[in-house]
4 protein chains.
Amino acid sequence: MHAGAKWLSFRKRCVISWQVWEDYMLKVGLLGAGRIGQVHAVNIANNPRSKLVAVSDVHSPSAEKLAAAYGAEVRTSEEILADPAINAVLVATSTDTHSDLIEAATASGKAVLCEKPVDLSLTRAEACLEKVRKTGQPVMIGFNRRFDPNFAALKAASLGGEIGKSEMLSVTSFDPAPPPVSYIKVSGGLYRDMMIHDFDMANFLMGERPVTVRAVGSAIVDPEIGAAGDVDTAVVTLTYGDGRIAVIKNSRRAVYGYDQRVELLGSTGLLQANNMLENTVVKSTTEGVVSAKPTFFFLERYMPAYAAEWEAFVAAILDGTELPVTLEDGISALVLAEAATQASQTGKAVELPG
Amino acid sequence: MHAGAKWLSFRKRCVISWQVWEDYMLKVGLLGAGRIGQVHAVNIANNPRSKLVAVSDVHSPSAEKLAAAYGAEVRTSEEILADPAINAVLVATSTDTHSDLIEAATASGKAVLCEKPVDLSLTRAEACLEKVRKTGQPVMIGFNRRFDPNFAALKAASLGGEIGKSEMLSVTSFDPAPPPVSYIKVSGGLYRDMMIHDFDMANFLMGERPVTVRAVGSAIVDPEIGAAGDVDTAVVTLTYGDGRIAVIKNSRRAVYGYDQRVELLGSTGLLQANNMLENTVVKSTTEGVVSAKPTFFFLERYMPAYAAEWEAFVAAILDGTELPVTLEDGISALVLAEAATQASQTGKAVELPG
Amino acid sequence: MHAGAKWLSFRKRCVISWQVWEDYMLKVGLLGAGRIGQVHAVNIANNPRSKLVAVSDVHSPSAEKLAAAYGAEVRTSEEILADPAINAVLVATSTDTHSDLIEAATASGKAVLCEKPVDLSLTRAEACLEKVRKTGQPVMIGFNRRFDPNFAALKAASLGGEIGKSEMLSVTSFDPAPPPVSYIKVSGGLYRDMMIHDFDMANFLMGERPVTVRAVGSAIVDPEIGAAGDVDTAVVTLTYGDGRIAVIKNSRRAVYGYDQRVELLGSTGLLQANNMLENTVVKSTTEGVVSAKPTFFFLERYMPAYAAEWEAFVAAILDGTELPVTLEDGISALVLAEAATQASQTGKAVELPG
Amino acid sequence: MHAGAKWLSFRKRCVISWQVWEDYMLKVGLLGAGRIGQVHAVNIANNPRSKLVAVSDVHSPSAEKLAAAYGAEVRTSEEILADPAINAVLVATSTDTHSDLIEAATASGKAVLCEKPVDLSLTRAEACLEKVRKTGQPVMIGFNRRFDPNFAALKAASLGGEIGKSEMLSVTSFDPAPPPVSYIKVSGGLYRDMMIHDFDMANFLMGERPVTVRAVGSAIVDPEIGAAGDVDTAVVTLTYGDGRIAVIKNSRRAVYGYDQRVELLGSTGLLQANNMLENTVVKSTTEGVVSAKPTFFFLERYMPAYAAEWEAFVAAILDGTELPVTLEDGISALVLAEAATQASQTGKAVELPG
C-alpha cells in the first residue's frame, strides 16, 4: 500500500491531536548529508511516524542545506549521539566510520539504521557485532534491495512455494557507469563495494550461506581499474550444502542503465524479477520497436525501496516487529565478499564453514 | 525527476531559513475530504512549496481526521474562502458543487484546482467560465491523466515528431468494477462521468476538437445500469477536420484491473502507452508465463500523476508558468461528453461546430 | 503439431507403398499463379496428402515457372476443370473471376478452395451460392487468418470460457504500405478489399452477425486514394443483438510492418493476440530497448496460417470433416463490407436484418 | 526468407524441366531413422535442392516407415556408402558410431552432415579429424542452434558492432524434463551430452576458445542421476584471454518448457535472445496476466533451425560456400565438455592451451 494511504488508514483508527502524535514519533538524527543521506532525509520527513531532528556532516554546508530543507538542526555527530531526545540514528557516513558510529550509537541507547557495508574489514565488523550485542540495541543494515517491491514479491512467491524447491539463482547486477578510479581505490574492491548487495540478495533468497565461493573477474571496462588492483566485470558462483547453485554477474558498465534482475529456478517453475522501465511507452517505427530504458541508477530504481526500508525500520522500533535486516546479515554478506575477493585473486574455490 | 530530488536540487540553489521559506509557500484550503481529497492532501503536504492550512467537508469526521493528519484546521468552506491568508483552494467536493465553488473561490481571489468534471451541465459550466474570466484568477481542472508519466511521454514523443503526423488515436479505458447503481444514477452517465477523462485525453493528444461524434453503448455488464438509463460499455468514434480519427473504448468492468492504454498511429510510426504493472515479477510454470496485473485502480495507477498535477499547479501559481489544464479544457471535454450522450441515445452522429 | 511431424505420426500407423499412397492423395488444379497462387503451391506440394497436378494462369510464363517448380503441368482453366482425375481446385485468380470459377468447378464435381473475397458484388456472390448449393460440392473461402495459430488460440480460449461472456472486440489491422492507386481503383474499396478479413474475424470471434454497422473513413495516408473515391484509414463499429460491440481499425500504412492484433474483453478477463515479431532479440543501448519489428506482411505473418488452411481443406475433403470456412461465411463478410461502405459514404448507421 | 519463397525466387531465374533439375539435386542417404533422423528427413524432402534417396537404421521398421513416407529406399549403411549416386550422407545414428561413419563416408567421397557430438571421446574425435582431412571431404557438425533465427540475429548484431566490444556472455539452457536414467548412463554426462550445444554457442558468439574452465554441478533434480555419476544442474564459467567472461547455466528440468536464452553484454549495449512462445496470446484475469509458454522442446523450438541448417549444408556442397560449422568446431566444443567434466569432478579450474 502507498505510504500516504497507509497513514490515512492508520489515522482512521486513531484521531489524536498533532501535538500528542509527535510524542509517539521516532526522533531521528541523520549522520551524513551526502547523496544517500539526502535520500533518507526525504523518507524520514515524509514518513508520518518519524521526524528528522538533527543532521551532521563533516562538510557543514551539506548538513546546513539538508537541515534547512526539513526544519531540522545542524549538530555534530557527538551532539546527536548525546541527545537523549533522539531515539534513532541513521548512519550514512563514509564506510570507514560505520563500525565506530554503530558502537557509539548503540552504547548511547539508540536504534541504528546503517548503510551497507558494515565495514570493509570482516574482523572489525565482527568486533562491532560483539559490542552491539552487549547493548541489546537494534541495528539494521541498509540492504535496500530487499525492500524493492519486485524482489520482495519474488521472495514471497518463493516462500509461498510457487516454484517448489529452489534450485538455481541468477543475479544480474550492472551499474550504468563505473565510479571514478579515485573511489575504486578506497572502495574495498568490487566484491565488497558493489557485489555486497548481491551477496545479501543471495542470502535473502536462498535463506542460508553457501559452502563454496568461486569468482572470476577482470578489468575489461577500464584498464585503470585493473591498474588500481580491482576488477570491473565479475562472475561469482556459490554452491550450497544441498546442491543448490547461485550465480552473480556484475559489471560496472551497462550503458543502457541500471540492470537489476533476479531469476530463481525451482522444481515447479521459474521466477524472474525484471527491470523497472522509465515508462511504458513503446514506439514502433521502421527502426524497430523501442521501449523505454531501465530506470537509470539506484536513486531512480530503488527510491520506493528506500521508503519501504525506512518504514520497516520505524515499524520495527515503534511496534516491536522483527528487524528485517540485522547486523548479522551485514556480516554474512561481508563473509561472501571476502571469500570472493580471495577466490578471484587466487583462482581457487574458497570453502566456507557450514 | 523524483519530487524529493527536485526539492533537494532546488534547495542547493536557495538556502533560506524554514520560517522565511513558509512565507513563499502556497497556503491551501482543501474543500472535500473524501477519497480523492485524501489523495490531494498527501500531495499538498509532501510538496515542499505548499502547505495544507484548512480542510472542510460536509461530513465533519472526515474533515477532522484529515486535518489532524496534516496539522491543518477544520473549517467551513465559507471560512476557507473568506481567509485572505489562503492563496489557493482545491475543490474535491461532489460534482454538483463545483461550479459554485469555483465561482466563489475565484471571486475571493484564490487560485483553484478543481476535480473533473467542471459540471454535469454544459450550460452551467459555460456560465461559470464567464464569471471566472472576469476575475482573472487561474482555474485548473484536475485531468490527472495528462500528468501520468506514460501518457506525458507519449505526448512529448508525438509533439517531437517521432511518429510524423498523427492519424489515428485509440484510447482503452476500463475500470476494474462498476460503481454502485446509486452512484450511477447521479453520475451524469458514463460519458460525462467516466469517458470525460478520455475525451480530455483525445483533446490533449489530438490538439484540437473533433467535428463529429458517434457513440454506441450498452448495459451488458449489469442490466441494472441499463435500468438506470445508463450504459456500462461504450465505443465512441471522433473524426477531425483533417481526416484524423479517434476511438475511445470504455467498460465499467475489467476484472484484471484498471486498464488504461493509449495508441497513436502516425505517418512514420506508432506510439503505445501500456499499463503499469504491480511489479516486474514473471512466473513460469506448467500453467503458463504469468506477469503481475495492472495496478488496480486510479489511486494506484495515477498516484504519481496526482503528485505531478499538484506540482504543476503549484509551479503555475508560484512561478507564473502556464496552467497546463484550463477551465476551457474542462468545458471542451464536457462538450464531447454531451455530444456522445446524445449520439448514443439517438444512434446518430453529432456534428460539432468547428 | 508441425506438419511434417503430423505426417510422420500418420505414417507410423499406415505404411503403404508410395504408389498406393498417391491414389489417396488429393489431385489439385491451381487456377492462378500469381503471388498468392505461389504461396498455395508450396503448401499443396508440401502437404503429404495433396499433389499439385496442373497450373493455369492468363500469364503463361507464371504458370510455366510454377508448374516446373513442382513437376506439374501447365493447362488452361477449362482443361483443369474438365479433367476428371483432378479432385479439387484452388482459385487464386483475380476477384472478378471467382464466382464464375466456383460455379464451373463445382458443376464439374470438384471441391473448391477460393481466395477471398467471393465477389465484389454481394448480389453476384449470392447467385453463386445458389448454384453451388445445387451441386452439393464443398466450397471453402480462404480466410487465412482463422488459421493463424494466435487467433485460433484466442478463439479456443474464448470458446473454452476462459474470459466468461465476451463483451467487446477490438481488431487492429494495418498494412505496412498502401497498394498502388491503380489497384485501389479496381479493389472494390478498403471495406471490401482489406477490411473483409476483419469482418470475417469479427464473425469468427463473435459467432454471429452484428445488427448495426457504423463506419468512418478518410484518405489521410494518400490523397490520391481519396481522389480515387476510396479511404485509407477507417474505423468501423459493429453492435450485436445482445449489446456486444466490436471495433475494427484499418490503416493502409503502418511503416513498422504488418500490424495484426485482436483483443476480446469478456466478463472474467481479456484476451489479446499480439503481433509475431521477426525474432526474439532485444537490444538495449543508450537509445532505448529495441525489439524486432512485426513480421513484415501477410506472406511472412500468415505463412503458417496458409499451410494450416490447406491442411484443413484437405482434411475436410479426404476425411469428411466439417469445412471450417464456408461460402456462406464469405457472403457474411461481404454483407458487412457492403454495409460499411454505405455507412462510410452516408455517415449514417446501417441496420442489418437479424 | 521463407524456404518456399526462396525456391520460387530461384525458379524465376532458372526455368528448367523437372528431370534436368533432378540431376543437380543433392542425393542424400540418411543414416538413422530415429527422432532426429525423422526431422532431417522432412527437411531433406522439402528442400528443393536435395532428394532423400535411401534410409538405413538398425531397427528396420523405422527405416521402412521413413523411406515409404518420402519415396526413398531402405538400405544398409554399407550399401548407402557404397552407392556412387549418393553425394551426401546425414549421420543421425547413436553417438558411438559417429566417428566410424564419418570416416567411412568421407573415404567414400561423400559430404557429411553429422549430428552432435562428434564423439564422447576427444581422442577418438581427433583421430577422426585426422582421417577426414586426408580425404578433403566436407564434414559439417549439426550444431542446429547456430541456425536458430534468434541466435543468428544476435550474432549478426554483435558482429555488426551494435553493442561495441563484447564483454560478458550468459547462456541459459534448460531442458523441460530429464531423460531416463538409462540414457544418462550412456550419454557421456551432462557436459558432453547437453552442454555441448552451449559450449558451441559460446564458441560461436565469442569467436575464440576460452583459457580457463570452471564448473559446479549437482544432482538436485533427480538423485538417481547423481547415483549414475552425473549431474543435472550445472554452471560453467569460462574466461578468455582478453578478460571476457562467459557463464553457461544448465538444468535438466524447467517444467515450463524448453528455456533457451542468450545475453551478451558489450561496451555499448546488451543483446538478448529470448524464448520463442507457443503463440502471442495474452490472457488477463483476476489471476494475473498469462502469456503462452516457451515452445516445448527442441523439435518445436528448433524446427526452423534444422531446416536452415540443412539449407546451409546444401548450399555449401552445391554452391561451394563455406561450411558454417566444421568438424573442428565439433572438436572445440568437445574440448570444453571434457574440461568442464574434469573441473566439475575435481572442483578446480582447468586451464586450456591458448
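**Group meeting: a walk through the chains**

The buried residues of helix α4 of chain D are D:S62, D:A63, D:K65, D:L66, D:A67, D:A68, D:A69 and D:Y70. I start there to get us into the model, which is a predicted one. Helix α4 of chain D runs over residues 60-70, and eight of its 11 residues are buried, so the helix is mostly covered. What comes just after α4 of chain D? It is D:G71, with a positive phi of about 65°.

Now step back to a whole chain. Take chain A. It has 354 residues. Its secondary structure comes to 15 helices and 15 strands. How does its radius of gyration sit against the rule for a compact globule? For 354 residues the rule gives a value near 20 Å, and chain A has 21 Å, which agrees. Along the principal axes, the C-alpha trace of chain A spans about 55 × 50 × 40 Å. Of the residues in chain A, 58% count as buried. Then look at contacts in chain A between residues at least 6 apart in sequence: 71% of them join residues at least 24 apart.

Next, chain B and a sheet. This one is open and has six strands, paired in parallel. Read across, the order is β3-β2-β1-β4-β5-β6. Which strands sit at the edges? They are β3, residues 73-74, and β6, residues 139-142, and each pairs on one side only.

Strand β4 of chain B covers residues 88-91, and β5 of chain B covers residues 111-115. The two run parallel and are joined by four bridges. Within that pairing, B:L90 stands opposite B:L113 in β5 of chain B.

On to the next pair. β5 and β6 of chain B also run parallel, joined by four bridges. Here B:E115 has B:G142 in β6 of chain B as its bridge partner. How does the chain get from β5 to β6? It crosses through helix α7 of chain B, residues 122-135, and this β-α-β crossover is right-handed.

Stay on β6 for a moment. A general point first: in a regular strand the side chains alternate between the two faces of the sheet. In β6 of chain B, are the faces covered or open? Both are covered. B:V139 and B:I141 lie on one side, B:M140 and B:G142 on the other, and all are buried.

Last topic: chain B against chain D. The contact takes 11 residues from chain B and 11 residues from chain D. On the chain B side, the elements giving two or more residues are β13, residues 281-285, and β14, residues 288-291. β14 of chain B gives the most, with four residues. By class, that side of chain B has five nonpolar, five polar and one charged residues.

β14 of chain B pairs with β14 of chain D, residues 288-291, in the antiparallel sense over three bridges. There, B:V289 stands opposite D:S291.

How are the two copies related? Chain B can be laid on chain D with an RMSD of 0.0 Å, by a turn of 180° and a shift of 0.0 Å along the axis. The two copies are therefore related as by a two-fold rotation axis. Which residue of chain B comes closest to that axis? It is B:V290, at 2.2 Å by C-alpha. And the same surface serves both copies: 100% of the contact residues of chain B recur in chain D.

Conventions. Residues are numbered from 1 along each chain as its sequence is written. Chains are lettered from A and ligands numbered from 1 in the order in which they are written. This is a predicted model: local features need pLDDT of at least 70, side-chain atom pairs count only at pLDDT 80 or more; totals for chains, interfaces and linings use all residues. Two strands pair if DSSP finds at least two bridges between them. Two residues are in contact if their C-beta atoms, placed from the backbone, lie within 7 Å. Ala, Val, Leu, Ile, Met, Phe, Trp, Tyr, Cys and Pro count as nonpolar, Asp, Glu, Lys and Arg as charged, and the others, Gly among them, as polar. A residue is buried if 20 or more other C-beta atoms lie within 10 Å of its own, exposed if 12 or fewer, and partly exposed in between; C-beta atoms are placed from the backbone. The radius of gyration is taken over C-alpha atoms; the globule rule is 2.2 Å times the number of residues to the power 0.38. A crossover is right-handed if, with the strands pointing away from the viewer, the path from the first strand over the helix to the second runs clockwise. Copies are superposed by least squares on the C-alpha atoms of residues with pLDDT of at least 70 in both.
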